[in-house]
Amino acid sequence: MKTSDFDYELPEERIAQAPWPVRDECRMLVMDRKTGELQDRIFRDIYEYAQPGDVFVANETRVMPARLLGAKRGTGGAAEVFLLRPHAGKIATNVSSAWEALVRPGKRLKPGAIVDFTDAEGKVILSAEVIDFKEDGKGERIVNLTTEAYPTLDEAVHAVGHTPLPPYIKGYEGDEEMYQTVYSRRESSAAAPTAGLHFTPELIERLKQKGVRWETVELQVGIDTFRIVEEEDPTTHAMHTETYTVPQHVVDACNEAHANGHRVIAVGTTSVRSLESAWDTEVGELKARDAAHTSLFLLPGSTFHVVDAMVTNFHVPRSTLMMLVSAFSSRDYIMNAYKHAIDSEYRMLSFGDAMFIQ
């Protein structure tokens, strides 16, 4: 097995640059994971594939306004701070908190540099002081955020921050809420669990009325989800670590579904990783988890203990997500499905169309 086995030619014009206007009217490629058989449908047709007693498990995380565009104090040079996660090394207050972040331009934002973020009138709303480099952080910095303009840091960040989009989406000026799922709750991620973008409140309600259960977990999605695997031997790749929570009621719902011969359908690879990470191999059962950490890397040959079907998007070539969906079915079936999708002009990646692998 080589990383190049999960590469494919992705024409730039196939990368969706905006969401489909009506979430559940996008296209959906349905694939039988055991035979590779394909069907072309639209997303709301997932109602036809769901059966009473099935459980959908989605990731309810919400994307933070983590992209901060400002100017370096003293020079006025344009600068960007991309918030990744809170840093545990400093006590936070209402108006001050340390974060791990990516910065640009990296060479000019060394410890001691301060970036100011202003409103439309030029008033400084938020400041970020670079405190240190983060060890083994791939260029990450530790920054201290402060505000004097708002009573809380959260309000200040929301006043000047932007929802970050993947690097392959360029120039999108539409509604940023379209990069959030309709069921998102707590802001905890730097990227969206995009398989869930296709659901509408009405579709979820129709599924419930059919006898399908709808449950949610939380996995805090990091930007590492966009990075490709650089090593030619994927087993040597260091998988990023993410924080996840699987409540007891989700465990109970999954166990009940399996006990009665029904399926657990994960909405997105982040839900897959949450559920499979929560599987306790020593006792052979699913366990509730609260703010646990996972670096689970699902490759062909991996065993899926919980998930029976998944809703997913089309993924970046040579990515860990290509390997995950190949593990769930087979590399050959997935590559054939992707060729069909590109030849059939499906819209690819985060704002693109969906797959349902069952």
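K339 and D343 sit 4 residues apart in helix α7 (residues 331–343), so about one helical turn separates them. They also form a salt bridge, with the closest N and O atoms 2.7 Å apart. Here a salt bridge is a side-chain nitrogen of Lys or Arg within 4 Å of a carboxyl oxygen of Asp or Glu, and helices (H or I, at least four residues) and strands (E, at least two) are DSSP runs, numbered from the N terminus. K339 counts as exposed at 53% relative accessibility, and D343 does too at 52%. For those labels, buried is under 20% relative accessible area, exposed over 50%, and partly exposed in between (1.4 Å probe, protein chains only).

A quick word on the ground rules: this is a predicted model, where local features need pLDDT of at least 70, side-chain atom pairs count only at pLDDT 80 or more, and totals for chains, interfaces and linings use all residues. Residues are numbered from 1 along each chain as its sequence is written, and side-chain values use heavy atoms, leaving out hydrogens and water.

**Salt bridges**

Searching the whole structure turns up 23 salt bridges. One of them pairs R186 with E218, at 2.7 Å between the closest N and O atoms. R186 is in the loop between α2 and β11 and E218 is in strand β12 (residues 213–219), so this pair ties together parts 32 residues apart in sequence. R186 is partly exposed at 46% relative accessible area, while E218 is buried at 10%.

R273 and E242 meet in another salt bridge, 2.3 Å from N to O. Helix α5 (residues 269–277) holds R273 and strand β13 holds E242, so parts 31 residues apart in sequence are tied together. Both residues are buried. There's also a salt-bridge network linking R85, E100, K134 and E140.

**Pockets**

A pocket here is an open set of points on a 1 Å grid over the protein atoms alone, where a 1.4 Å probe fits, with protein on both sides within 12 Å along at least five of seven lines; lining residues have an atom within 4 Å of a point. Volume is the space filled by probe spheres set on the points, which are joined across faces, edges and corners.

| Largest | about 920 Å³ | L84, R85, P86, E100 and Q220 |
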